[in-house]
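Hi everyone, thanks for making time this morning. Let's bring the model up on the screen and walk through it together.

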Amino acid sequence: MAKKRVFSICGMCTVRCPIMVESENGVVKFIQGNPHAAGIEGSVCARGAAGIALVNDDERLQRPLIRIGERGEGKWRSTSWDAALDYVSERLKDIMKTHGGRSVLFSDRSGPFRDLHQAFVRGLDSPNYCNHDVSCARNVQHAALSLFGFGRKDLVYDYKNARHVVLQTRNLLEAINVKEVNDLMTGISNGCKLSVIDIRSTNTAVKANRFFMIRPGTDYALNLAVIHVLLNEKLYDSEFAGLWIEDLNKLLSFIGPYTPQWAEEETGIPAEGIIAFTRELAQDKPSVVWHPGWMTARYKDSFYVCRSAYIINALLGSIGAKGGLPLSNTPGDVGRKGLKKLADLFPKPSEKRADGVGWRYPHFDAGPGLLHLAFKAIESEDPYPLKAYIAYRHDPLMAFPDPEALKKIFRKLELLVSVTFTWSDTAWFSDVVLPLSPYLERESIIAGKNGLKPYFFVRQRAVEPRFDTRADWEIFGGLAKRLGLAPLCFDSIESLWNYQLHDTGISIEDFNATGMVSLAEKPRYRTRDELRFKTQSGKIELLAQKLESQGLPSLKHYESPAVPEEGSFRLTFGRSPVHTQGHTVNNPMLFEQMPENVLWLNRDVGERMKLTDGEEVEVSNSGQRGRIKVKLTEFIHPQAVFMVHGFGHTLPVETRARGRGILDNDFMAGGLEVWDEAGGGMAMQEHFVTVQKLS
Ligand code: SF4
């Protein structure tokens, strides 16, 4: 076989960077970032480079499996694809005959390929498509909706042209998105200042001009004080406010008590520091990006942290501004047609969602719903029974709090199916495991990305599958055929792509040169006059009717977070640049880079406990115990401990990852009940653990 080079899309995390893959004789030899993609310029992160190890790993799933033992016992029979798809579709038919299409729940990790999944779920006549976002970015999404009437992705972070970037609990240089990292570094080399607010000094903080180590759970207090200074010193952008902000007078009277001196008591950040910081932001306006957060499933008030961050951006006039948060463009905004949606192959289900979104909770975005509430519906059968659950590349048993409580809920299901390319705790607990080809061995539907320059991109298959695995469009097409969903039965990926490209004026050959098709010649920034918000008033609404009508305040007064007792610490978690949550811990190449997590603990506190750096300690919460090595450091707030999420694997089929480190979510007893009612996100940093010396 000859050497081959294809443009594709990385699948090692949910960012999905454009890549170029070289193979020889059907074996992947080299992966680099797509050199034609702006902001990528040939780079991938460590995880992206480890895609080769994923393909070569014999410990990944190799063929369809049907459970023969008890759930979670790990006893399986291998089977053919026909038998596995027959089995799943027959079980689904039985369940739907008794409980209707609405009894099927589906979740994925969102992203640009979700149209296929949404189409499949719609075809079943189920309204219960969800994604993982309650354990990630729901709070910031809902904060954007409550102010602007559009979602978080309708704003772009223009790091390259920014004069000041503020990252608040956003560890951008370790929770990597390659383009964002490159753009930020370009901005910094052009003179952009970086301010970082976090409970620990991350690698991102190390690059910052200013670092505020904040008391855990008090970010809202800091943001209120910044707003106080902006308003009371009249440092805000009055022209922008006059044009685009509704009810500023309400904010002015609300903010009165939240002085920098008050915030110092709460946050531990000196008042003079807050004042100087705010004045500097005002000087740099409107080219300021105060990042509103990404992984915001942290505290009970995280929604208000995100909302206040957006309000600060609005007061600085940076919403819509070059170097701030300009509005993203859709294909329609640049005079082009978007992709034809697969979901439109089927009518929208008329049934209400099981998670209550849209009716019990009208203030939430119905798109991906709230998965933890769907899980509650499995348990309660309120408003109706959910009996089948398909988890696509999603591992809630590792990603959600209190896995044992979740297993108890899953036991009520009549069918649990995992579609995945690596083992996961959820796959292990499933009735059927449908092995997905890793991204280098499959193509995906064409995807579109909105932005300053919207574009379409496509994932091509770089090599043929090593094992008996399939692409997602083949798996769902196979199920669709058996379930009578004829419109979703495409006989080839080309016919599916042609359907999507219908009427766009673009053919699949147009992707050959670079793997992407740009829909605009140059970035489109809007002038202030051209800004549009999707609220009732057409402006940024500081008072959100949807919140108020639910009895939730638009401007919420601050509540001080709990202070842990002596010997107890707030459990915090985050990312490492070499792992994607739990998915990559067993990857041979990445495991070598970071085989286990450690527990960050403030050095002074640790030394008072007579601990030495590197010794093993016991962590406990509500009867759950685990052992982990402690890392004593002055770079974490004394009230918190921190660990990288995703370790503590227990499956015997993951010989490398098994038994290495511990899982943060195991120490969040009752955590499925702890969430932010205004934003919808889980509040996973509202749990406390005890740390004890072993001898
Ligand atoms: S950030 Fe890294 S792992 Fe994620 S898609 Fe990009 S290259 Fe792949």
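Let me start with a term: buried means under 20% relative accessible area, exposed means over 50%, and partly exposed is in between, using a 1.4 Å probe and protein chains only. What we have here is a predicted model, where local features need pLDDT of at least 70 and side-chain atom pairs count only at pLDDT 80 or more, while totals for chains, interfaces and linings use all residues. Residues are numbered from 1 along each chain as its sequence is written, and side-chain values use heavy atoms, leaving out hydrogens and water.

Now, strand 20, residues 568-574, is mostly covered, with seven of its seven residues buried. Helices (H or I, at least four residues) and strands (E, at least two) are DSSP runs, numbered from the N terminus. Which strands does strand 20 pair with? Pairing takes at least two DSSP bridges between two strands. With strand 25, residues 688-693, strand 20 runs antiparallel, joined by three bridges, and R570 stands opposite F688 there. With strand 24, residues 640-644, the pairing is parallel over five bridges, and L571 has V641 as its bridge partner.

Next, over to R91, which sits in helix 3, residues 81-99. Is R91 buried or partly exposed? It is partly exposed, because its relative accessible area is 25%. Leaving aside neighbours within four places in sequence, R91 is in contact (heavy atoms within 4.5 Å) with E414 and L415. Finally, A388 is 297 residues from R91 in sequence, yet their C-alpha atoms are 8.7 Å apart in space.
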